[in-house]
Structures are given as C-alpha cells and as structure tokens.
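Student: Hi! Could we go through this one together, starting with the aromatic rings?
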Amino acid sequence: EDSRAQSLVTETGLEWFCIGACPSRKERTRKRYEQRGDGVWQIDDETGQETQLAPPMPSGANTTCSTSIHIDTEALPSTKSAIDDLIVCDPVFDRDTFMAEGRHDAAEAIRAAVDVFLYGHVSSPLWSLYNVFGYEGMLLLMAQNPDLASYAGQRILSNATQHIRMCSVLGADGIRIEECLLDQISPESFRDINVPILRQCVEEIRAAGMKSIYYYCGNPWDRFDAILDIGADAIQLEESKKGFTIDIEDVVEAVKGSCVLFGNLDATAILQDGSDDELHREIDRQLKAGKDNKNRFVMSVGSPITPDTPVERVRRYTDLVHMLQK
C-alpha cells in the first residue's frame, strides 16, 4: 500500500489520499496470492479455500455502500421497531482490538511514505436510505413519514460514527461526507430532516480531531443557506451540468469566507477533453476566485477524475495549480 501511494503521488502530484482499514495481520499471514493463466487467485492456507479475484473495473467500483435494493413501496416501514430490523447498528468501535489486530498497518505505512492529506469517506446518513429502501422508497418515506425517515437516518449515523472513530485511529486528517440525490427533496425537508443529522455527523468528526468536507451533488441554489448551516469545515460542489450552473465565482459570493471552499473544475470537458490553454485559464480563474474567499480555497475537480484521463494530464493539472497559485 505504501509503494502504491508513493507512486500515485509521484506520478500525479495529487495531495489527497483516501485510507481505510486493512485485513488483520492474522488474515494477511494465512492468505497469499498467485498469478495463474486465468487470472489472480487468493489462497487461504488455513482453510485451503481458493478465490479468483475479479480484475479492476475501468471505471472503478463503489465499495462504500451496497447496491440499492427495490422494495414494495406499499410496504414501507411504519414503526421504529421495523426500522430497527432493517438497519442494524454496528458494535461500538473497539480501538484496542483494532490496533492489536494490526488493521491500521496499511494506513500507518502510507502516512510514513507520503506527505499528503489523508481522509476517510462516509455517505450522508439520509442519502444512505437509498441502499435500504431504493430510490422511490427513500423519497416516499421522507415525504410521508419524515419523523421515521429522521429516525432511520440517526440509525445510519450511529454506524457512520463508528467508521469516523476508526478513521481517526488510522490517522486520517479529515472525513469527506458525500451527499447525492437530496437535491430532489424540498428545501424545507432538507433543512428539517437532513441538516440536523449532518450537523451531528460534523460534530462527531470534529470531536475525533479531524476536519469535515461536505460534498454536495446536485443543484444547491435553493438551499445554500441550509448547506452552510451544516457547519462543515469545507464544502465542495459539482461542476455545472445536469441543467444547472454552479459558477465558482457565484459560490464564493455565497460562501463569503465562512468556510473552506473546494474548486469545481469540470473533470470531463476541461480536464479530460480540454486543451492546455483551456485547462490553464480555468485553473487560473478558479484560483483567483478562491482568493476572494479569504484565501480559504482548495483547488479541485467537481467530480471524480475519469478513467479516460491520462495520468500525464492529471500531472499537468497539478503542476499548473502549483505554478499559478504562486
């Protein structure tokens, strides 16, 4: 893990790295890997079990949440006990056991190998209802029974809290809270149901000694004050797309230096497909806008870097940022 992290930072110039727990030392001791004609296999020397590993997906794989299920929306839960059955709370994080098992070893090696901002990732608790009830069920529950939706979000927050505490032990500098789909509820529901839960999430991160970065996907303009009320140390927004515009200069005017702001350079039209001149101009524009946010600004893309973006192009992006910010 440390050599991979070092290679990533060296070749791309990126200054952020997402970390997580690794398998225990016992598990790593008994398992090994073999390259065979039909691919890579994992062999458990203790049980004899052999598992063929799937090759990496070109677009990556989401390992932070399960695939959304689809349930009969006529049978949505109507009681807290029914929610309890659907959303099981994880055990309280046991730091001593975690450390004794060596599940922090990879993160520790990465920290020793590279000088970057290490972060953990959590999904917004309310958005995570998508993985319990499906898209339609999530929206119906919030619309028809907001108190129960809030209770369900609190259950998920309990699990997110254990993950946050684990990331703190791993040595993370911050936690990135990702929010999707909740631009599709009303601004009133967003403020009444979602903001209180996210405030608690931010406070858990702060209590664990880390910074919070709130990444909101969607059109923010009808609820921007509520987004700021979450109290995150930093906010990050998408680039302009999906029929709405998020211009970095307008965002700076709305934030007014109240928190750190991340840039939202277009990962496809500019980073992947744009010319060097277009990339240069957009980085320069965003950096100048960021200075008006009381210099509380981190240059970033608005969406994940695409698989079709060459590593050399990413390096060109980071080099330009360093050059233009001087």
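Tutor: Happy to! Searching the whole structure turns up 7 aromatic pairs, where rings of Phe, Tyr and Trp (its six-membered ring) pair if their centres lie within 6.5 Å; planes under 30 degrees apart are stacked, over 60 edge-to-face and the rest tilted. This is a predicted model, where local features need pLDDT of at least 70, side-chain atom pairs count only at pLDDT 80 or more, and totals for chains, interfaces and linings use all residues. Residues are numbered from 1 along each chain as its sequence is written, and side-chain values use heavy atoms, with hydrogens and water left out.

Student: How are the rings of Trp16 and Phe117 arranged?
Tutor: Their planes meet at 40° with the centres 4.2 Å apart, so this pair is tilted. Trp16 is in strand E1 (residues 16-18) and Phe117 in strand E5 (residues 117-123), so the contact ties together parts 101 residues apart in sequence. Strands (E, at least two residues) and helices (H or I, at least four) are DSSP runs numbered from the N terminus.

Student: And which residues join them in a cluster?
Tutor: Ring pairs link Trp16 and Phe117 with Tyr119 and Phe262.

Student: New topic: how does E7 pair with E6?
Tutor: Strand E6 (residues 174-179) and E7 run parallel over 6 bridges; DSSP must find at least two bridges for strands to pair. Glu179 has Tyr216 in E7 as its bridge partner.

Student: Is E7 (residues 211-216) mostly covered or open?
Tutor: Mostly covered: 5 of its 6 residues are buried, meaning under 20% relative accessible area, with exposed over 50% and partly exposed in between (1.4 Å probe, protein chains only).
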